[in-house]
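Please keep the sequence and the 3D view open while reading.

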Amino acid sequence: MTLFHFGNCFALAYFPYFITYKCSGLSEYNAFWKCVQAGVTYLFVQLCKMLFLATFFPTWEGGIYDFIGEFMKASVDVADLIGLNLVMSRNAGKGEYKIMVAALGWATAELIMSRCIPLWVGARGIEFDWKYIQMSIDSNISLVHYIVTSAQVWMITRYDLYHTFRPAVLLLMFLSVYKAFVMETFVHLCSLGSWTALLARAVVTGLLALSTLALYVAVVNVHS
């Protein structure tokens with residue numbers, strides 16, 4: 001039974017990534033190693049972020065919620081935008097190809113580094129726990145988040161981007177960077193349950209995805 005539970009969690013977490021790779025056309029471009037390079041860039045960026053946070057931002061322990069401190073820590077996620085831009089700048093091809101390579105490689109690296117071991121150790125445990133199902137669902141939300149963020153970075157780095165689109169793209173990028181901080185603060189203040197918090201993250205990510213998609217279509221149509 002525990003092995004069956006682990007198989008469900010594993011499939012729920014990893015199969016959407018595999019399906020995205022196959023259905024997005026990346027497999028036709030032999031983009032596997034490009035995605036691996038994006039994953040290596042993710043590891044390097046996360047290492048730099050960890051060193052920076054450990055040096056300048058001590059860990060908050062109990063007491064009053066440190067809103068300013070947590071906001072400053074969330075600002076370090078700007079490094080992800082720099083890393084995604086670096087990955088896309090090293091790949092030649094159409095915009096959607098660059099976006100998917102960067103996003104899929106980035107999200108897959110995060111999935112392996114942050115959820116692989118907890119799923120392997122926890123989901124195979126004696127007792128059933130819903131948190132591993134939630135963890136698997138959250139990995140799919142992360143995939144959508146990084147596709148959205150990569151699309152925003154691609155749009156803002158276009159040298160021919162119309163100035164009328166720039167404020168909207170910058171606003172969406174700001175929301176994407178601080179989405180985790182806003183959701184964490186909201187969950188902390190409202191004392192939401194785990195399923196409610198997961199639903200809130202899914203809804204917010206979905207709204208950002210739809211807004212970014214509409215803006216991406218507009219940018220592509222204007223420049224075509």
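The model is predicted, so local features need pLDDT of at least 70 and side-chain atom pairs count only at pLDDT 80 or more, while totals for chains, interfaces and linings use all residues. Residues are numbered from 1 along each chain as its sequence is written, and side-chain values use heavy atoms, with hydrogens and water left out. The helix names follow DSSP runs numbered from the N terminus (helices are H or I, at least four residues; strands are E, at least two).

S191 sits in the loop between α8 and α9. Its relative accessible area is 61%, so S191 is exposed. Here buried means under 20% relative accessible area, exposed means over 50%, and partly exposed lies in between (1.4 Å probe, protein chains only). N30 also has a positive phi, near 50°, and is a residue other than glycine. The loop that holds N30 is the one between α1 and α2. N30 counts as exposed because its relative accessibility is 66%.

Helix α8 covers residues 179–190, which makes 12 residues, and at 1.5 Å a residue it should span 16 Å. The expected span is 1.5 Å times one less than the number of residues. The end C-alpha atoms of α8 are 16 Å apart, which agrees with that value. The buried residues in α8 include K179, F181, M183 and T185.

Helix α3 runs over residues 67–75, and G69, E70, K73, A74 and S75 in it are buried. Among the elements that cover these buried residues are α2, α4, α7 and α8.

## The packing of α6 against α7

How do α6 and α7 pack together, in angle and axis distance? Helix α7 is made of residues 166–177, and it packs with α6 at an angle of about 145°, with the axes 10 Å apart. Axes are lines fitted to C-alpha atoms, for helices over the stretch in contact, and angles run from 0 to 180 degrees between N-to-C directions. The crossing of the two helices is left-handed. A crossing is left-handed if the near helix is turned anticlockwise from the far one by less than a right angle, and right-handed if clockwise.

On the α6 side, H145, V148, T149, Q152, V153, M155 and I156 meet R166, V169, L170, L172, M173 and S176 of α7. Contact means heavy atoms within 4.5 Å. By class, the contact of α6 with α7 has 8 nonpolar, 4 polar and 1 charged residues. In this count Ala, Val, Leu, Ile, Met, Phe, Trp, Tyr, Cys and Pro are nonpolar, Asp, Glu, Lys and Arg are charged, and the others, Gly among them, are polar.

## The largest nonpolar core

The largest nonpolar core has 50 residues, and L26, M88, L104, W106, L119, M155 and V169 touch the most other members. A nonpolar core is a set of buried Ala, Val, Leu, Ile, Met, Phe, Trp, Tyr and Cys residues joined through side-chain atoms within 4.5 Å. Two or more residues each come from α1 (2–23), α2 (32–56), α4 (78–89), α5 (95–122), α6, α7 and α9 (194–223). The largest share, 12 residues, is given by α5. In soluble globular proteins, nonpolar side chains tend to be buried together.

S136 belongs to helix α6, residues 131–156. Its relative accessibility is 1%, so S136 counts as buried. Not counting residues up to four places away in sequence, S136 touches C9, L12, A13 and L119. L81 is in helix α4 and is buried, with a relative accessible area of 13%. Beyond its neighbours within four places in sequence, L81 is in contact with T149, V153, M173 and V177.

T41 lies in helix α2 and is buried, at a relative accessible area of 10%. Leaving aside neighbours within four places in sequence, T41 contacts G83, L86, V87, R90 and W106. E110, in helix α5, counts as buried at 14% relative accessibility. Leaving out residues up to four places away in sequence, E110 touches Y42, R115, S142 and Y146.
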